[in-house]
Amino acid sequence: MSPISRRKLLTGGAVTVAGVVGLAAADRIARRYGLIPPDGGGIYGPGETLTYAAQRVMGKHALAREFPRGMISKMPFMNEVAPPSDEFKRHQAAGFADWRLVVDGMVARPLSLSVGDLRALATRSQITEVVCEEGWSYIAEWIGTPVDVVLREAGTLPQVRYIVYTAMEKDGWDSLDMADALHPQTLLTWGMNDGDLPVGFGGPLRMRVPRQLGYKSVKYVMRLTATDSMKKVGRGLGSAAAEGGYAWYSGI
Amino acid sequence: MLPAMSAVASPVQQRTPRHSALVRVTHWITVVAFLALVITGGEIVISHPRFYWGETGNVNMKPLFTIHIPSSRDTVPTGYGYVMPDQNGWSRYLHFEAAWVAVLTGLVYGIAGFWTGHFRKDLVPAAGERGWRAYWLAFRGGRAGDSGARADGARSYNVVQRTVYLGVIFVLFPLVIWTGLALSPGFNAALPFFVDVLGGRQSARTLHFFVSDLLVVFLVVHITMIALAGFWGRMREMITGGVGADVVVGKERG
């Protein structure tokens, strides 16, 4: 063995050992600070974890860009929605008077709120862009009640780490970590561009998460459930989208 | 140990690999990551093969241009009577994972490249090679690597190659990363400047597409030049370093 190849062997060995130790340490730190997303396993797990951890370390409290009123899209695109169920049609016929948002799970005071109750609780508006994973986008004014205010009203327990939200649509459910759930721009929206939120855009109640892609802004929300773990919800991946092969964290 | 030393006591230049281990390892990792990015990027484009300029754009708005291919979404008017299968889920997962691999590999390569003098020695054109004449000679020389004396020229890049590699490393790769990051809603919240200076989200998407196209053009030219210069020889150099295998000077194997 020549001296050069021995040196290479030692260098290579040291780099490998440092790499393994470094990865193990990174994994421990990521677990400890909750930087691993629910879909952080499998072959795409390292990439997803890096992305999610980087966003949470870099800009946990950053605000999504807001736009001047003049930039509101004249031709927003509402995207396809599944054909409404009979139950949804009954609600629609009744003008959504009986629509309720149930807040349950790990909360001190479970709630059942009408859209009117939400309006009375708090009203915020923001002019933000809906960005679809496909590539298209539009800007609208979204009017609603911050999830943060609703959760404070219900009194989430200290161990809560995720808020699961469920839609009337079949298989329509998703979840947010507390950084996004308590974020001031995360709204349960019931209004759009100075009017009621149209059904095509998610009315009567849509979750708006402007720091993530459009598919996180689930339409027809009926329930918020506070939980300390996503492991036992569905297949444990954090959302219906993730079970269908789309990343749980879509802030990229 | 001493006998071993004397057995390989040929000139030092011949023992120096054509490409350092760092260049070879980062090169092949980048190849894999780049191919994954191009394929998945193409898949994602299929779900909306329309491009816009400015902040917003959707099927209700006039596109800057359209790629006339079928789409994987029935909401996109393509003129074709059918919808392609949706491949966006895994494509997106893989796109961002490959992007991490490319960026981290690029960082290692970039830092080491400055540290070891790789950029200065191998890629920045030499002082006497920076004029138009040098570029002209390199072009007239025809095949890549043929400019100058073969004894030295075969083991270093000509001025055109150096300029192209520097452009890919320091202009196209940073640009494609920048325009890609400008499509991340989370990143845009943290650093809105990144997308705003590009003229908005849809401009960033269109630029990301064009810069990626330029990188694909580079890839095609790069492979063509390698094929012209002797495909397997160049491959061997980039895999093993090519020590003693392809060296013209000296008679090590003679």
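**Entry 1, conventions.** I am working from a predicted model, in which local features need pLDDT of at least 70 and side-chain atom pairs count only at pLDDT 80 or more, while totals for chains, interfaces and linings use all residues. Residues are numbered from 1 along each chain as its sequence is written, and chains are lettered from A and ligands numbered from 1 in the order in which they are written.

**Entry 2, chain B.** I noted 11 helices and 2 strands in chain B, both taken as DSSP runs numbered from the N terminus, with helices (H or I) of at least four residues and strands (E) of at least two. Along the sequence the pattern reads α-α-α-β-β-α-α-α-α-α-α-α-α. Of the 254 residues in chain B, 28% are buried; a residue is buried if 20 or more other C-beta atoms lie within 10 Å of its own, exposed if 12 or fewer, and partly exposed in between.

I then checked the length of helix H3 (residues 21-46) of chain B: at 1.5 Å a residue its 26 residues should span 38 Å, and its end C-alpha atoms are 38 Å apart, which agrees. The expected span is 1.5 Å times one less than the number of residues. The buried residues of H3(B) are Ala33(B), Phe34(B), Leu37(B), Thr40(B), Glu43(B), Val45(B) and Ile46(B), and H4 of chain B is included in what covers them.

I counted 39 residues from chain A and 34 residues from chain B in the contact. On the chain B side, H4, helix H9 (185-190) and helix H11 (201-240) each supply at least two residues, and H4(B) gives the most, with 9 residues. That side divides into 15 nonpolar, 13 polar and 6 charged residues, where Ala, Val, Leu, Ile, Met, Phe, Trp, Tyr, Cys and Pro count as nonpolar, Asp, Glu, Lys and Arg as charged, and the others, Gly among them, as polar.

How do H2(A) and H4(B) lie to each other? The axes of helix H2 (residues 45-59) of chain A and helix H4 (residues 88-115) of chain B come within 8 Å and cross at roughly 75 degrees, and these helices are therefore roughly perpendicular to each other. I recorded the residues making this contact as Pro46(A), Gly47(A), Glu48(A), Leu50(A) and Thr51(A) of H2(A), with Tyr93(B), Phe96(B), Glu97(B) and Trp100(B) of H4(B); by class they are 5 nonpolar, 2 polar and 2 charged. Axes are lines fitted to C-alpha atoms, for helices over the stretch in contact, with angles from 0 to 180 degrees between N-to-C directions; under 35 degrees is roughly parallel, over 145 roughly antiparallel, 65 to 115 roughly perpendicular and the rest oblique.

I found a cis peptide bond from Gly203(A) to Pro204(A), with omega near 15 degrees; Pro204(A) is in the loop between strand E8 (195-196) and strand E9 (206-208) of chain A. Asn79(A), in the loop between H2 and helix H3 (86-93) of chain A, has a positive phi near 70 degrees and counts as buried, with 20 C-beta neighbours inside 10 Å. Asn193(A) also has a positive phi, near 50 degrees, but is partly exposed, with 18 other C-beta atoms within 10 Å.

Terms used: Two residues are in contact if their C-beta atoms, placed from the backbone, lie within 7 Å.
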